[in-house]
Amino acid sequence: MDTIRHWAQLGVDAGWLSESFSYSFMVNAVVAAILLGPLLGGLGTLVIAKRLAFFSEAVGHAALTGIALGVLLGEPAENPIIGLFSFCMIFALLLHFVRNRTNVPYDTLVGVFLAFALAVGAALLMYVARKINIHMLENVLFGSILTITDYDLLILAVTCGVILLVLIPTFNRILLTCISPDIAKVRGYATNFYDYLFVMMITLVTIASVKIVGAVLVGALLLIPGATARLLTKNMGSFVLMSALLATISCLIGTILPMELKLPIPSGAAIIIVSTSFFLTATCYRIVRKG
């Protein structure tokens with residue numbers, strides 16, 4: 001990271017980059033956006049195919065409980081990474097396990113788990129309020145480029161690398177499992193295995209995105225670029241690439257623009273506003289084209 005920050009400083013000195021890139025946190029935020037954008041956009045296409053739009057929302061809100069548990073167990077309040085990852089992963093796998101073994105509609109089940117996560121998280125956060133800065137809660141909820149450290153980037157890079165190593169060779173099988181589980185079973189695919197694998201990947205990328213996008217909004221960034229791409233193309237390859245590109249552009253603009261314009265807007269909110277503007281533009285284009 002020191003090398004990247006040095007290059008950024010050289011760009012600022014040469015006039016190629018704005019003064020904001022002389023700040024370490026800004027460079028960290030841009031690197032995080034470049035790492036997250038393609039992954040969120042690519043996975044978002046599978047989220048849409050699998051109709052798991054609210055699953056990542058539930059996992060994102062479970063992050064509150066994970067942070068509180070981590071602090072209670074003695075982790076540093078600024079980065080309770082073990083509590084966060086452990087609770088969110090257990091939460092996600094349990095939600096999927098219950099889904100496969102009950103007749104309760106999935107949206108109802110997600111609503112129940114979401115309410116539980118919020119209630120337990122709120123109760124525990126009030127209990128540990130003496131140990132944490134209340135502004136940290138705002139950062140978790142809505143994202144903040146100020147809080148991204150080199151350690152966060154390392155975790156994010158490792159998470160993205162692991163997900164890509166798993167996703168690239170299994171993408172087509174996961175996609176078929178999402179679209180037509182019966183055909184996947186006929187072809188001999190272990191559909192339950194790929195379901196759980198996909199759930200784990202969504203959980204990992206959701207947790208890794210919390211600091212920059214925020215727990216409240218991370219689900220939207222998985223959904224909106226994919227929905228936008230779906231309006232613009234019907235080809236599966238173009239769908240994935242366009243979704244990844246739109247997510248990356250949204251992350252970069254939403255990270256850089258508030259800083260350049262000195263707007264007091266959380267990075268997560270800015271990213272979602274940019275992403276939604278792309279969606280509305282694509283919707284208008286589709287309506288005009290059909291008309």
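Student: Which residues touch the most other members of the largest nonpolar core?

Tutor: Note that this is a predicted model. Its largest nonpolar core has 68 residues. Those touching the most other members are Leu-43, Leu-46, Phe-55, Ile-174, Phe-198 and Ile-212.

Student: Which helix gives the most to this core?

Tutor: Look at residues 191-213. They supply 12 residues to the core. The helix is H9.

Student: What does Phe-55 touch, not counting residues up to four places away in sequence?

Tutor: Phe-55 belongs to the largest nonpolar core. Leave out the residues up to four places away in sequence. The residues touched are then Ala-92, Leu-95, Tyr-106, Val-199, Ile-202 and Thr-203.

Student: Is Leu-245 buried or exposed?

Tutor: Leu-245 sits in helix H11, residues 236-261. Its relative accessible area is 52%. Exposed means over 50%, so Leu-245 is exposed.

Student: What is the area of the nonpolar surface patch that includes Leu-245?

Tutor: Leu-245 makes this patch together with Ile-249, Ile-253, Leu-257, Leu-261, Leu-263 and Ile-265. The area is about 560 Å².

Student: Is Asp-152 buried or exposed?

Tutor: Asp-152 lies in helix H7, residues 150-179. Its relative accessible area is 11%. The cut-off for buried is under 20%, so Asp-152 is buried.

Student: Which residues is Asp-152 in contact with, leaving aside neighbours within four places in sequence?

Tutor: Thr-108 is 44 residues from Asp-152 along the chain, and their C-alpha atoms are separated by 34 Å. For contacts, set aside the neighbours within four places in sequence. Asp-152 is in contact with Asn-79, Thr-147 and Lys-211.

Student: How many helices and strands does the protein have?

Tutor: From the N terminus on, the elements run α-α-α-α-α-α-α-α-α-α-α-α. The count is 12 helices and zero strands.

Student: Why is the protein as compact as a globular protein of that length?

Tutor: The globule rule gives 19 Å for 291 residues. The protein comes close to that value, so it is as compact as a globular protein of that length. Its radius of gyration is 19 Å.

Student: What share of the contacts with a separation of 6 or more joins residues 24 or more positions apart?

Tutor: Of the 291 residues, 50% count as buried. As for those contacts, the share from residues 24 or more positions apart is 76%.

How values were computed: Residues numbered from 1 in each chain as written. Predicted model: local features only at pLDDT ≥ 70, side-chain atom pairs only at ≥ 80, totals over all residues. Heavy atoms only, no water. Core = buried A, V, L, I, M, F, W, Y, C linked by side-chain atoms within 4.5 Å. Buried < 20%, exposed > 50% of the residue type's maximum accessible area, 1.4 Å probe, protein only. Helix = DSSP H or I, 4+ residues; strand = E, 2+ residues; numbered from the N terminus. Contact = heavy atoms within 4.5 Å. Patch = residues over 30% accessible without salt bridge, like charges linked within 9 Å, V, L, I, M, F, W, Y side chains within 5 Å. Areas by Shrake-Rupley, 256 points an atom, 1.4 Å probe, with all protein chains shown as cover. Salt bridge = Lys/Arg side-chain N within 4 Å of Asp/Glu carboxyl O. Rg over C-alpha atoms; globule rule 2.2 N^0.38 Å.
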